[in-house]
Amino acid sequence: TPSLVAAGNVNPYRAVRATSGTGYTRNSASERSTAATDFIIGVADGSTKRFDSSLHAEAGDPINLQGGDIVLLQTGSATAISCGSLLKLHTDGRFVVGGGASDVNWAVALEPSSAANTLIRAKLLAPPRVT
């Protein structure tokens, strides 16, 4: 699993992107996406930095990504997600229902969800699918 250095707070199971201005060569990454079209590197695994922390990483800490294209990810809205739904990024690194005309879809849901902040399995799409 590749290890990146966090540019800020990263929560478990959220999308990670290369940080603006640093480039991938410096291995700096952030969960926060400034635009839904940002290119993601992967999804953070479920570990936390300490037993008493809810964060996966803080600035300067390593980020561990989930391996493979079947991942656990965190949902970002209470809008119902069905198996097979296309998922796009929310600006905080969580995933929401996509499939709209201008959406950049990053994953396909493999499990349903009807609440925000739940964990579901999904298959990452590479390259992303623009509908």
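Guide: N117 is found in the loop that runs between β9 (104–109) and β10 (119–130), where strands are DSSP runs of E with at least two residues, numbered from the N terminus. This is a predicted model, in which local features need pLDDT of at least 70 and side-chain atom pairs count only at pLDDT 80 or more, while totals for chains, interfaces and linings use all residues. Residues are numbered from 1 along each chain as its sequence is written, and side-chain values use heavy atoms, with hydrogens and water left out.

Visitor: Why is N117 called partly exposed?

Guide: Buried means under 20% relative accessible area and exposed over 50%, with partly exposed in between (1.4 Å probe, protein chains only); N117 has 45% relative accessibility, and therefore counts as partly exposed.

Visitor: What is the phi of N117, and what is that of Y13?

Guide: For N117, phi is near 65°, a positive value in a residue other than glycine. Y13, in the loop between β1 (3–6) and β2 (15–18), also has a positive phi near 65° without being a glycine.

Visitor: What makes up the largest nonpolar core?

Guide: A nonpolar core is a set of buried Ala, Val, Leu, Ile, Met, Phe, Trp, Tyr and Cys residues joined through side-chain atoms within 4.5 Å; the largest has 16 residues, with L73, L87 and F95 making the most contacts inside it. Two or more residues come from each of β4 (40–43), β6 (70–74), β7 (86–89), β9 and β10, and β9 gives the most, with four.
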